[in-house]
Amino acid sequence: MKIIKINATESTNLYLKSLGKSTNDKGIIAVRALCQTQGRGQMGTSWQTEDNKNLITSYLLPQINLEPKDNFKMSMLVSLALKKCLENLKVPDLKIKWPNDILSCQKKIAGILIENTFTAQKISSSIIGIGLNLNQKSFHNLPQASSLSLICQKEFDIDEVFQRLNVEIEVLYKKLIQKDFEGSLYEYYKNLYGYREEQIFEFKNGQQKKGMIKSIENNGFLNVKFNDHTSQSFDLKEIKQVY
Ligand SMILES: O=C(O)CCCC[C@@H]1SC[C@@H]2NC(=O)N[C@@H]21
């Protein structure tokens with residue numbers, strides 16, 4: 001793995017996107033920034049992070065040659081890899097909130113943004129962006145956000161956590177190349193926040209309904225059985241799990 005450490009950038013995902021165009025590297029490239037001025041989140045949202053406090057990193061995974069239908073499998077592997085890293089750091093009560101947010105004690109401590117490049121209808125390479133809240137203590141207007149230091153009551157060394165995450169990403173990359181998804185869906189369900197428990201779901205129009213997660217479809221859609229006995233599948237743009 002080639003590792004690049006920088007002080008500041010717009011977005012580590014964008015940094016790798018432009019680097020990816022000009023490099024012939026055959027292995028993983030990881031970039032870690034201490035400050036990010038225009039961090040990007042899922043579905044066009046922004047990712048705010050206090051300077052010098054958190055782990056802000058992206059990984060360029062080249063030559064993955066993945067069928068687009070297996071996109072969600074990759075997302076599962078990434079969230080499980082991040083969760084494993086956090087487990088090793090003894091972070092308590094970890095869960096994955098569909099599709100790939102990481103919660104500790106029901107608070108969001110990390111987010112993942114995966115951006116793919118396609119060649120001949122296959123995912124040829126992927127940029128995995130990870131924002132992990134480490135030492136930030138306050139989150140304005142983000143009541144569901146927290147950090148490892150708030151939860152574990154100690155400070156974390158950003159580069160030590162980065163190194164540990166790099167190890168898990170190497171393992172994930174090998175699995176991805178070998179198309180080794182065996183057991184990952186089972187692991188994902190085991191760690192899925194609110195799986196088969198009554199939850200409140202919110203639709204795009206703000207309407208809320210109670211139900212439970214029945215399954216995750218192969219394409220990553222969330223299949224929900226509502227209390228009124230109807231079932232429906234949703235993609236990320238269509239539904240939010242209230243937590
Ligand atoms: O919305 C989410 O939950 C995903 C957030 C992903 C944020 C990370 S921070 C490092 C990388 N660079 C970005 O611009 N975004 C991702």
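**Pockets up close**

**View 1. What lines the largest pocket of this predicted model.** The residues around the largest pocket split into 17 nonpolar, 19 polar and 9 charged. Both domains take part here: domain 1 (2-190) and domain 2 (195-242) each provide at least three residues of the lining.

**View 2. The centre of the largest pocket and the elements around it.** The volume of the largest pocket is about 1,000 Å³. Its lining is made of 45 residues, and those closest to the pocket centre are Thr45, Trp47, Asp101, Lys108 and Tyr243. To trace the lining, look for the elements that supply two or more residues: helix 1 (12-22), strand 3 (55-61), strand 6 (107-119), strand 7 (122-132), strand 8 (199-203) and strand 12 (239-242).

**View 3. The second largest pocket and its centre.** Now turn to the second largest pocket, which holds about 460 Å³ of space. Of its 18 lining residues, Asn71, Phe72, Ser75, Pro99 and Leu236 are the closest to the centre. Where does this second largest pocket lie? It lies between domain 1 (2-190) and domain 2 (195-242), because both domains give residues to its lining.

**View 4. What builds the lining of the second largest pocket.** Helix 2 (71-88) and strand 6 each contribute at least two residues to this lining. Which element gives the most to the lining? Strand 6 does, with 4 residues.

Methods
Residues are numbered from 1 along each chain as its sequence is written. This is a predicted model: local features need pLDDT of at least 70, side-chain atom pairs count only at pLDDT 80 or more; totals for chains, interfaces and linings use all residues. Side-chain values use heavy atoms; hydrogens and water are left out. On a 1 Å grid over the protein atoms alone, a cavity is a set of points where a 1.4 Å probe fits but cannot get out, and a pocket is an open set with protein on both sides within 12 Å along at least five of seven lines; lining residues have an atom within 4 Å of a point. Grid points are joined across faces, edges and corners, and a volume is the space filled by probe spheres set on the points. Ala, Val, Leu, Ile, Met, Phe, Trp, Tyr, Cys and Pro count as nonpolar, Asp, Glu, Lys and Arg as charged, and the others, Gly among them, as polar. Domain bounds come from an automatic or database domain assignment.
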